[in-house]
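Biologist: Hi! Could you walk me through the ligand sites in this one?

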Amino acid sequence: MHPFSYRQASDEQAAIGAVGQPGAMFLAGGTTLIDLMKLDVQTPSQLIDITPLPLTKITELPGGGVSIGAMVRNSDLAHSELIMTRYPVLSEALLSGASPQLRNMATTGGNLLQRTRCYYFRDVTTPCNKREPGSGCSAIDGYHRIHAVLGTSRHCIATHPSDMCVALTALDAVILARGAGGERRIPINDFYLVPGDHPERENVLAPGELITAVELPAMPFAARSHYRKVRDRASYAFALASAAVALDIQGGAIHDARVALGGVGTKPWRSHDAEKALIGKAPGPDAYRAAAEAALRGAKPHKDNAFKVELAKRTLVRTLTMTAQKTV
Amino acid sequence: MTLTRRDFIAATLATAFALTLGARAAQAEPEAAKIGAKPMATAPASAGGDTMPITLNVNGAAHDLAIDPRATLLDALRERIGMTGSKKGCDHGQCGACTVLADGRRVLSCLSLAVAQQGKAITTIEGLAQGETLHPMQQAFLSHDGFQCGYCTPGQIMSAVGLLTEPVGPEDADVRENMSGNICRCGAYPNIVAAIQDVRKANTNAPV
Ligand SMILES: Cc1cc2nc3c(=O)[nH]c(=O)nc-3n(C[C@H](O)[C@H](O)[C@H](O)COP(=O)(O)OP(=O)(O)OC[C@H]3O[C@@H](n4cnc5c(N)ncnc54)[C@H](O)[C@@H]3O)c2cc1C
Ligand code: SF4
Ligand code: FES
Ligand code: FES
């Protein structure tokens, strides 16, 4: 690990000021950052520990939404009564991720910014455009069973690894970020960038901006929502494919729908096409399969990850089936 | 040839000693850690750089240390405080061998910086027993043969103790899911689940 200096931030302003200096980075739960620092993938010269910041509350917003402080631990968010009843998909997504120990450490803000698990990204002895722009992508012609089929470019095919963010994407979450110039609100669908020519740019956060909170808009029908994750073992593994779904079923027809996929996209993958395929239809296998076909229409599989196309479709069909069966 | 348990422990200790020597050698040559072709997985507690004075509260006792900010809590516990109960398996958050409690909640000491733990009450496997009386979870692991080589065991037990305070369903499947962050190479899982269920049942039956 490269040497760094360490400081705790006493308040938001101090944190933002301190991180403005070259080489400085925020430290939250550390479960992504310390891991990558041990591998020399990230080499900050200063760590600004933001765990003392009092951004630890989950509060109800007027109008029925919920605000989640950036320092709320993943385990506390997953077990929050408010989240379990209003947005079960989020609770389920969080509980499907990592392990209880890691969820006790990981924060909402840190989870949003966790880095890809692409093994070439994590191995500094191999070329990687995300780690070192212009050096090439080892995955495209390498072994890429865990890689993405949606949103890829010829420069990077890494998946976004988060489960939480897939649920947040289905729920139209808004990310609140504060920088030297004040606070701004970024809808999660505008937050992540697909790799394109610049895989090293993963989101629209400006250098030095602090995520302070995530807001979930009121979405009464999200009480009928579900997250399903398919992976190589029963637990404690990243998704090969996952789906976050919310269904508004009224009078025997799907009135509204939210569909997002994980494990297959270079960012948490919202599928408006799948939603369109569902709305107005009677819940059932035909509608679900049509939605799944629509969601994966643009898929660009490579040699080792071609199985993900059908896997993602089946995962989505299954998730829709189980969501519709939920009693709310 | 049969390897007795005593031989095995001796062999394990010898390996641990060799690793410690390795770490010492790296300490003497901090530059090697920076420019080596293969990056060092962990910086030894005081490899170059400035140190910071910190106080760690471990098992109820305060420990004053001058520590390199790079030192993880795991390295501080094992190499500076001399508490080698917490084990280093993967050093990357993937195996659970280094699990400790921080303010009563289970966390991974290999991904925690020691400098960031000030003010927290850290509990390690060494802090569970009351004198000669084992913690019920330690006793249950013994009674159920919940370990074979024992390497993962301190982490398993700390994780299990943390689990007792969490909203975990009653079934064996719930225990398995919530212990899935603790990997056991020997495959002692069935007996570990039985041990944990014993303690949980005793807890529910106990008068509150
Ligand atoms: C073995 C293992 C298995 C895992 N399995 C899963 C899984 O199955 N599913 C899953 O979704 N995740 C998984 N994870 C990832 C884990 O969920 C993330 O590491 C965690 O959520 C990151 O949160 P953190 O608080 O620890 O972030 P940190 O590591 O502290 O920070 C991550 C990044 O975010 C920045 N940052 C943190 N907070 C803020 C803020 N408020 N504002 C601005 N920048 C900030 C940091 O500077 C850093 O760059 C796994 C991790 C490990 C180690
Ligand atoms: S897929 Fe992306 S992260 Fe992985 S090696 Fe290629 S450029 Fe790097
Ligand atoms: S040593 Fe910490 S999880 Fe493996
Ligand atoms: S008992 Fe040997 S690793 Fe678990």
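Biologist: Which residue classes make up the shell around ligand 1?

Modeller: By class, that shell has 17 nonpolar, 15 polar and 4 charged residues. Ala, Val, Leu, Ile, Met, Phe, Trp, Tyr, Cys and Pro count as nonpolar, Asp, Glu, Lys and Arg as charged, and the others, Gly among them, as polar. This is a predicted model, where local features need pLDDT of at least 70, side-chain atom pairs need 80 or more, and totals for chains, interfaces and linings use all residues. Residues are numbered from 1 along each chain as its sequence is written, chains are lettered from A and ligands numbered from 1 in the order written, and side-chain values use heavy atoms, without hydrogens and water.

Biologist: Which residues are closest to ligand 1?

Modeller: The closest of the 36 around ligand 1 are A:F26, A:T31, A:T32, A:T107 and A:D163; a residue counts if one of its heavy atoms lies within 4 Å.

Biologist: Why is the site shared between chains?

Modeller: Because residues from chains A and B surround ligand 1.

Biologist: Which side chain has an N or O atom 2.7 Å from an oxygen atom of ligand 1?

Modeller: That is A:T32. A polar side-chain atom of A:Q114 lies 3.2 Å from a ligand 1 oxygen atom. Polar contacts here are pairs of N or O atoms within 3.5 Å.

Biologist: Switching to ligand 2, which residues come nearest?

Modeller: Of the 14 residues around ligand 2, the nearest are A:C118, A:C128, A:C137, A:C156 and A:I157. The shell around ligand 2 has 9 nonpolar, 4 polar and 1 charged.

Technical notes: A polar contact is a pair of N or O atoms within 3.5 Å; within protein, one must be able to donate a hydrogen and the other to accept it, and residues adjacent in sequence count only if both atoms are side-chain atoms.
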